[in-house]
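Open the model in your viewer and keep the selection tool at hand. The stops below say what to select next and what is there.

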Amino acid sequence: MEEQDKQPTILIIHGPNLNMLGKREPEIYGKKTLEEIDALLKARGESLGCFVETFQSNHEGGIVEKIQQSSNRIAGLIINPAAFTHTSIAIRDAIMLLDVPVIEIHLSNIYQREPFRHKSMISDVVTGQITGFGDYGYLMALDFLARTP
Ligand code: DQA
């Protein structure tokens, strides 16, 4: 039996342009690459007794399909929809298929930025939102989900 079959799976979805972390506006999003963040999350997951699966897409439909395909096998979702946060009814509708806790996360504090970033299409359908704590926000979300029965 694979390790991930025994442990609850927490899915982490990163939206568009987050594959460019490290290079992309590091003064806003930090210096770590996405690979480094994912490695930290997988290691933390191991110490918390859960399997961390990560997924990045620059495409709205790819994110919708990933959520649909994962709906009956995950124990929780952490999602940074990036720019789709502010526009995507499709991702919102996909999240509503889930009956597990969902944490919305943003590296930057979206409420301290341009007015078009203040609106999240998903904030009222997720369990909670973490915004402005950099990559540490992902660990906060994972800690919460790992402690949620
Ligand atoms: C972001 C904030 C969004 O407004 C932006 O489009 C992103 C990243 C964040 O993590 O701070 O790409 O979700």
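## Stop 1: Arg113 and Glu114

Select Arg113 and Glu114: their side chains meet in a salt bridge, 3.8 Å from N to O. A salt bridge here is a side-chain nitrogen of Lys or Arg within 4 Å of a carboxyl oxygen of Asp or Glu. The model is predicted, so local features need pLDDT of at least 70 and side-chain atom pairs count only at pLDDT 80 or more, while totals for chains, interfaces and linings use all residues. Residues are numbered from 1 along each chain as its sequence is written, and side-chain values use heavy atoms, with hydrogens and water left out.

Arg113 counts as buried because its relative accessibility is 18%, and Glu114 counts as partly exposed because its value is 31%. Buried means under 20% relative accessible area, exposed over 50%, and partly exposed in between (1.4 Å probe, protein chains only). How many salt bridges does the structure hold? There are seven.

## Stop 2: the ligand

Select the ligand and the residues that surround it, among them Arg113, Arg117, Tyr29 and Ser108. A residue counts as near a molecule or strand if one of its heavy atoms lies within 4 Å of it. Others in this set include Ala82, Ala83, Leu107 and Ile110.

For Arg24 the distance is 3.0 Å. For His86 it is 2.7 Å, and for His106 it is 2.8 Å.

## Stop 3: Asn80

Asn80 is also one of the residues around the ligand. Select it in strand 3, residues 76-80. Helices (H or I, at least four residues) and strands (E, at least two) are DSSP runs, numbered from the N terminus. Is Asn80 buried or exposed? Asn80 is buried, because its relative accessible area is 3%.

Leaving out residues up to four places away in sequence, Asn80 touches Ile13, His14, Gly15, Leu18, Ile105, His106, Leu107 and Tyr138. Contact means heavy atoms within 4.5 Å.

## Stop 4: the loop between strand 1 and helix 2

Move to Asn17, in the loop between strand 1 and helix 2 (26-29). Its phi is near 75°, a positive value in a residue other than glycine. Asn17 is partly exposed, with a relative accessible area of 37%.

Glu25 is placed in the loop between strand 1 and helix 2 as well. Glu25 is not a glycine either, yet has a positive phi of about 35°. At 36% relative accessibility, Glu25 counts as partly exposed.

## Stop 5: helix 3

Select helix 3, which has 15 residues and reaches 21 Å from its first C-alpha to its last, close to the 21 Å expected at 1.5 Å a residue. The expected span is 1.5 Å times one less than the number of residues. Colour Leu34, Ile37, Asp38, Leu41 and Gly45, which are buried. They lie on the same side of helix 3, because they cover an arc of only 95° around the axis. The arc is that of the directions from the helix axis to the C-beta atoms.

Turn to the other side of helix 3, where Glu35, Glu46 and Ser47 are exposed. What covers the buried residues of the helix includes strand 1 (9-14), strand 2 and helix 6. Just after helix 3, Gly49 takes a positive phi of about 80°.

Next, select Arg44 and Asp143, whose side chains meet in a salt bridge of 2.9 Å, N to O. This pair links distant parts of the chain, with Arg44 in helix 3 (residues 34-48) and Asp143 in helix 6 (residues 136-147), 99 residues apart. Arg44 counts as partly exposed, at 27% relative accessibility.

## Stop 6: Glu53 and its partners

Finish at Glu53 and Lys66, whose side chains meet in a salt bridge (2.7 Å, N to O). Glu53 lies in strand 2 (residues 51-56) and Lys66 in helix 4 (residues 60-70), so the pair ties together parts that are 13 residues apart in sequence. Both Glu53 and Lys66 are buried.

Glu53, Lys66 and Arg73 are linked in a network of salt bridges.

Notes:
A polar contact is a pair of N or O atoms within 3.5 Å; within protein, one must be able to donate a hydrogen and the other to accept it, and residues adjacent in sequence count only if both atoms are side-chain atoms.
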